[in-house]
Structure formats: structure tokens, C-alpha cells
Amino acid sequence: MALDVWGLRGPVVAWLLALAWLPTLASADVPVFQVADLDTGSQVRSSFPAAELVVGGQAYFAASTPGTGRELWVSDGTPAGTRLVSDICPGACSANPGNLTLVGGRIYFGADDGLRGREIWSTDGTAGGTTLVADLFPGRTGSNPTQLTALGAILVFSAISATIEDDGNGGFEFESVGRELHRSDGTSSGTALVRDLWEGDSGNVDGLRSFGGQVYFAAKDEVSVDPDGDGVFELVTQGLELWRSDGTSAGTELFLDLATDDTSSSPMELTVAGGLLFFSAAEGGLGTGRNLWRTDGSVAGSIDLGAPSGQMLDPLHMVEWQGELYFSGTDVFTGRELWRSDGTVAGTNLVADWNLQTASSSPRELTPVGSTLFFNAKGATGGRELHRLDGSGVALVIDLQPTGGSDPKELIAFGSRVLFSAKGQGVAREPHISDGSSAGTQLLADIRPNSVGSAPTGFQEIGSVAIFAANDGVTGTELWITDGQSSGTGQLANLATDVASGRPEALEALGGQVLFSATDGVFGRELWASGGPGGTTQRLADLKTGGPSSDPQDLTAFGGEVFFSADATGTGRELHASDGTSSGTRLVADLEAFGGSDPQQFVPLSSMLLFTATNLFTARELYQTDGVTTDIVADLFPSGVGSEPTEVTPIDADRVVFAADGVTNGVEPHLSDGTSAGTLLIEDVNPMPLADSSPSGFAASGGLVYFAAGDGVSGRELYVTDAAVTSAARVGDLIVGPGGAVPQELVALAGGGVLFSAADPVAGRELWSSDGTDVGSGLLLDIHSGFLSSFPERFTPYQGQVLFRANDGLHGTELWISDGTVAGTRLVKDIHAGPAGSYPDHFVEVDGLMLFQACDFEEGCEAWASDGTQAGTRRVGRVALGPTSSSPVEFTAAGPWIFFRADDGSTGEELWALDRAALQNDPDQDGIDASVDNCLLEPNPSQLDTDGDAFGNACDCDFDQSGRCDIADFGIFTPDFQSTSDAGTGTDMDGNGSVGIADFDLFLKGFSTTLPGPSAPIP
């Protein structure tokens, strides 16, 4: 009996429409699956948006999300137009962009990419157009630029740059020039120090303000003088005074030295009003009081405006309104009140003594709105309320909170009204708006109706709307919007989604499962296991009973089990193991009865697992276990002190090397085969009594063991020992002098020798190599030519070569590969085109491919794979859509799956998986190479393509060629169902000559997807 398709049509259509709401992965190369949402609860996360600059109808701001950290965002006032500009510090780390300044059509700002410290960046509002301008302080210190100011077509700013100097011992060091004036034309070569006013690292340029084609600022300098005329010069300071600059060294000069001795007038609050530059200064030096000054750009035109009463005005909160300066000033008779100045002594006077006699109204938040000046001031009752100044004088606008004051803050002009944050009667701090009248002042929204309030902040006007940050108590501090009406005030975007995360950590494969540490929000962080999508995902044990966490750590496979450290009820943190079942999860050894032995640094050898642990009698030493018997290997530092082994590294199947502190030798390199007799000191590299050579970076290659250490004389250099590991010798003095080359990240080469990063004063930190001899050790390639560094790092062996990341100065930090030769060292791929870099990280080799996280910024930080070639480097899994990053980490292959942790932006950091087979060149395993396969992810061995649109039938349910597989296509499919003909439309998707259940299954997979072409991945 034939299936009644039409009778089922209603329910099936309803089901299909429900499927349309499921998320799709139309642009992913390989399907990704969320294995489990372990913690389905919620937690309040805040993005803390802070709008800073409006350009071209868009507001630029910093905001924080779990996947990207605190980065640069932009909004046009619509949800669709609110987006991440660029994840400058890729993944969850934060660039913390700030000091946004528009110069010549580009926005400049300070940011930290996690590699070079805080430096100057610029953007055109796109990810591809967001670039580092210059690295003024090489290394990770950063120049920390502030006071970014437009001076015509150039940018001037205060920063702490550095030069590379000879350290006098054959090495080099960075010499800071202190906080001085810098300039930039937007290029690296055009970004430089203007002038070093205070020689050394004591500069303090501050308060930059453009005026009359120059920039004025406060700074200290040192000058060389000959006070006695005897030819003996000495350096003297002129204090913190007013300087100006046209952006050139020759055009940078001391403008006014108001405190004529070596004290400082400390000019502050530089404000342009009515064609004059006003500022506050202490003419008599520190402690003499501050007065109001103005200048027209000439020394003769610089005047102390004083006060009619003869007292110091101490001007604050300066603002231009109607061509004059308004400010909060003091007078001995009236206290702190509202003042004005037209730039003359006679025209500098009190506007109104609002809080009569010596009591102060202390005006602040002075905000011009057309013909009205709004401000916050104290009235006679002592509460702070909204006031105004207009043609009729000073007046209270409204007493919003009679019992203590509404304290209006964050005032901005919004059309012809003022937008602000204030407290009200029965309302905590919320957004308000006013036209200057009592009747025209209203609460816009009680966003958080309780005693706390939403604390709105950072109002920025964008055309007919304004955005701001507020906390509704449910979604945290997020982005809100208002059009000036209560009905038009609401949340614009919840950038940091409020979800709890299982956050799987320490993933380790065991058979076809992956074991890991995670939390479900109920039992705390415990041991879990998963068989992948469609398999079982379960908590194996509640070792710390109830809600507290046992927090499993250092999961390491050995002898058919996974060993780990956990803080269990009754034992403290001790050694545990699991065979992947609940019944097979056990305590291996309780080594310390009083609080736990805290096992760490697990290293599996052929017959034992080595680790470090501590107990009351020996402190931290090296231990071993075979899963049954567990004991100390050797007490290298007796009497309960502990040798504190670190850097425990296998050099073959039966031995490790490590750093440890001996009784008389300090921290030196040691060897162990897991027995007491076979554990010994290799060499006392630093022979001074109790001195440390602090060995690190052990790498075994070609019968030799390499490491970095310091002998106390030659700096930190490269050392090598032979296979017998009985002594160690320095491999030359790579950098002569006590500074040393400081080798880092040593990694073995397949043919013998090692690659590593090291630094010298000529090339900076670059790629080096060694074959264990003096002549065979040195700089391999200066990737970033000149003294600037490429900072090679994340060295990972791959197919006889080494993959790593580096910055050549042109492509940003990208993926590189080396076979240990100059010719064999090259950029693999510029994943994020241009100088920004993709910052590849978290490398793990799986089935001949290197898996890693990389950031192309248009689509966030996602999973990539590489075979070491440009063509073979591609994104393989996309968890979070749009520019948001899922930040995948801990790639772990187990069974048919590659597990990892990622954040899709809606469920938090959870367990995800990639299909291992789908990573290969034939991801659907149909015998057709992916380069020509017309269905990448669905087997289509016949390559049948009925409608000739380059989409194979097996992945093409867009029968009507509309560009989408939807309900119209279902209408085409149903008449052919259970027939032997597809009427030439391609409804025979599996190519078996009839349209049946298998075709219906394929149709459902593609339903409600926009086909990406040239082949159509099916989720």
C-alpha cells in the first residue's frame, strides 16, 4: 500500500517549518556538532559597552564578550548594524581599545594585540581596515599611547617609546625615552618621537589640545646651563609648564614658563572658546592656588584673568557656550559657583550666586544645548538637581528627588533636549530627558525597577537616536537605545550572552571516548566522558560530593586509563585514575594524609607514569606509579624542603630530564629513569654556591638534549648534552656578554638539531637553529628584517618540519613552517590578509593535518587545518556565526571525532566535535576528490546533477532554482515521492532511480538552507 503523502502533508509541512528555525552551517567546510550543553543554566554576563566616538552616523565603542574579550565595536543604532569591528587580541583576550580619535577619515586608538603591548592602531570601520600603525616600544611592553589629538592631517599623542641601545657588555637593551610627544601620518615609517624633552625615562607630556594650527600641552624638560659662567654645565628642570608644537622637533618649544623657578605651574584643563585658549595654572608654583589664564597664541597675548575679589578662581569643568567660556570657579565671598569669561579681566565674572553667600552650588556637568546651558548644581536644600542658564538667568529645572537630590550625570545634548542619568522619586538611577522645563522633564524608562537602578552611562547621539550602557539586572550591563520617548527606549543588543558554560577542560582521549573536566552547574567541576555526537556523554563521578568541585586536572592517558589530580572528599587533592566508566574511576594513592599531595606534571614512560607531588616529610619531589604501586623516586632536597622539580620532559621512552633544586647546587638540570639510583644531576651549570642556572626548554634531538640555562657570567644561552646525559656544555656564546640570547621554545628537527627563538641587538627576537656545535648554531632567518622582531613562537613539530607563528612586518602574525633551512622556511598562508595577522594558536596534529585556531576577523576565531601548504590551509569548522569568535581550543582526537571546547555565543563554552573523516580531501568518503566534488559533505559518487547547476543532486534540494531550499521545493518533491521519476527536477537525490525515503531524508537535511555553491554542504 502506497504511503499517503498528501494525508501527511500538513504535519510534515509543520515539522519542516519548525526545522527552518534550526541553526545552519551553510558556510562551514566541515560539519561541527555540539556534543552536549552541559550547563544549561544562566549567569549574568556584561559586555560593559563604552561608546567613545561618533563618525558618519555610527558610534564606535569598546565592549566585552566571552569569545572576543574587550574589543572595538560599532553601531548605527540598529541591531543588525551593531557589530564587532575587529578582534585585535584574538580569542578571549582583550585589546581594550581606547582614546578613539578621528584624523583624516581614519579612527586612531590605543590597543593591545597580546603580542606587542599597547600601541597605536587605526581603522576605517572594517576588520580588514583595522591595522597596527607602529610598534613604538618593541616587545610586549607597549608604548601606552594617550592624549590622541588631531593636528590638521596628522595625529599627535603622548607615548613611552624606546630605542635599542648597546648595554656595554656586547648585548643590547631597550632604552625608554619616557612619556614624550609623538606624531603619526598613519604609516609605520611616519610615526615617531617629535622631541625628547626630558632625557631619560622621566618625560610626562600631558593635556594635549589643538589650537591655532599647533598643539599645546603640559610638559617638563631639562636644559643645560652654565650658572657660574665657568664652562661647567648642569642640567636643570623648568618644571611642568605650557609647551606647544607644530608636530616637528624644531617647531616644539616652551611657550609659557609661569612658575619662573624650578617649581611647576602645571597647566590643566586646556579649553578653546571664542577663538582663545583658556587653561588653569598655578603661577606661583605648587601650593599657591590656581587661576584662569588665556592666550591668543602669543606670549604678549597670554593673560592671567584673575578674580575681582583677588582670590584664586581654581577653574574647573570648562566649556564653550555662545562664544565664551563657562566654568565652575571659586570666590572667597560666594564659594564655588558658575562663572563666565570673554577672555578679558573685566569680562571674567560670576554668573550667579545660586547657593547664597559662602555656601557653594558647585556646578558641574556643564552641557550646552542650543540657547540653554544645562548643569548639575546644589540648591539651598543641599541636594544636587538639574539647572539651566538661558536668557532669563539661572533656574532650577526640576526637583526630581526632594529628599537628597537626583544628582544628574552623563549630560549630553540630544537634539534640542538634554539626555542624562538621574535618580527620581521612588526610582533609582535611570535615563531621563529634559527640554529645560519642569513639564518637559521625564523618566525615559525604569530599566531596573528596584533600589539599585540601571546606572545608565556613556550616552552617544547617533542621528535621531542615542545609545548608552545600562544594567537591567537580567542581562547585565549591555547596549540600550532611545529615541527620546519612553516607547522608543529599549535594549539594542545583548553582546555578552547570559548563559552558563560547562567549560570542558583537560581533554584526553581514551579508546573511543574523550575524558574531561566540566561542570553542569549542579555538582561542581567533576570528571566527565563522551563518545561524541549520538553517543553517551556523562559525568563519571562526583568525587567532591554535592555542589563543591573536585576540579580534575592534568588528565593523562597511561596503561589503558586516564590518570588525573582531583580534590576528593576525605583525601584532599590526590592521584586518581579512570578507565572511562563510573565504576572504574578510582583513587590511586593517598600520598599525603594531611591535606593532599597535589600531584602535577604527569609524564607517561613505557613502564611508569612520572609526576611531582608533595607530602609533609619530603615537600615536592618526583614520584612514579604503575597504577598499582606509587612511591617517591628520589628525595633530592631532604629535610622537608623539596627540590621542586619543573620542566619534566621525556627524552626517550624510559627517561626524563627536569630542573630541580639540589642541596648545594641550586636549580640545575637533572636526569631520571624513574629509579632512585637513576636520578642524578647532569651538570652544575652555574657553579656559584646555591646559585641557579634555571634550565628550561628541554628538547631531545639526534642523540642530544638541548636546553637554555644561565651560568652567571655569559647570560642565558643554549646548552647541550649527549645521549648519556652525564655532562652539559654551552653551545658557544650566541650573544657575547651577560645578557645572552635567551633561547626560548626549543623544538627538535626530524633530521637532528633544534629550532628556537633568540634575540640579538641587530635582528631582534628571531628564528635560530643549532646542530649542537658552535659553528652550527646561529640566526637561521631574520623574518622581520632589521632590529624589529618577528617574535616566532608556538613551535610545533609537524611531518618532519616545524610549524610556528611569526610576524614579518607585512602580513601580521601568521602561520609559518621550517625544515631547519633558510630555503625551507616560509610563510604558509596569510590567513587574515594584510598586516593585522590571524594569530594561529593551539596546534594539534590529527591524521596528518595540523589543527589550530585562527582569526580571519570577518568571521571570528574558528578551527582551521593545514597540511603545511597554502592551498591545504583552510577553515574546517565554524561554530559561531558572524564576526563573533567561538575560540576553539583543546583539539583532541578520539574514535571518529575530534573534540574541542568552543562558545557558539548562545550556550556558552561547551563540548563540540568535528568528524575526522570529513577533514580529509574526500570528506564525504564517496571516492570523489573535494576539489571537484559537487557535493562535499554528502556522498554522491555518480556526481549526478539533474538541473546542471553545479550542485550535485545529493546536496541540492533547491529544485526551483530560487537559491533556497524551502516549502516551494517541498511542493515539487511530494508529487514525485514513491515514484520512479523525478520529472527532471532532481528529486531523485540519491540517484537510485526512484524517489523514496532516502531522498526525503536528504531533502530534510538541506531544508531552509541558502545554498552556498559551488557545492552545498548539508548540516
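User: What do buried, partly exposed and exposed mean here?
Analyst: Buried means under 20% relative accessible area, exposed means over 50%, and partly exposed lies in between, with a 1.4 Å probe and protein chains only. The model is predicted, so local features need pLDDT of at least 70 and side-chain atom pairs count only at pLDDT 80 or more, while totals for chains, interfaces and linings use all residues. Residues are numbered from 1 along each chain as its sequence is written, and side-chain values use heavy atoms, with hydrogens and water left out.

User: How many aromatic pairs does the structure hold, and which geometry do Trp321 and Tyr326 show?
Analyst: Rings of Phe, Tyr and Trp (its six-membered ring) pair if their centres lie within 6.5 Å; planes under 30 degrees apart are stacked, over 60 edge-to-face, and the rest tilted. The structure holds 23 such pairs. In the pair of Trp321 and Tyr326, the centres are 5.2 Å apart and the planes stand at 65 degrees, a geometry that is edge-to-face.

User: Which residue lies over the face of Phe523?
Analyst: A charge sits over a ring if NZ of Lys or CZ of Arg is within 6 Å of the ring centre and within 35 degrees of the ring normal. At 3.7 Å from the ring centre of Phe523, the residue over its face is Arg539.

User: How many disulfides does a search of the whole structure find, and what is the pairing in sequence order?
Analyst: A disulfide is a pair of cysteine sulfur atoms within 2.5 Å. The search of the whole structure finds four. With the bonded cysteines of the protein chain numbered in sequence order, the pairing is 1-2, 3-4, 5-6, 7-8.

User: Is the disulfide of Cys89 and Cys93 left-handed or right-handed?
Analyst: The sulfur atoms of Cys89 and Cys93 are 1.9 Å apart. Cys89 is buried, at a relative accessible area of 5%, whereas Cys93 is partly exposed at 31%. Because the torsion about the S-S bond is about -115 degrees, this disulfide is left-handed.

User: How many residues apart are Cys935 and Cys955?
Analyst: Cys935 and Cys955 form a disulfide with sulfur atoms 2.1 Å apart, and the link is left-handed, with -90 degrees about the S-S bond. Both cysteines lie in the loop between strand 74 (909-915) and helix 2 (967-976), and their separation is 20 residues. Strands (E, at least two residues) and helices (H or I, at least four) are DSSP runs numbered from the N terminus. The separation asked for is thus 20 residues.
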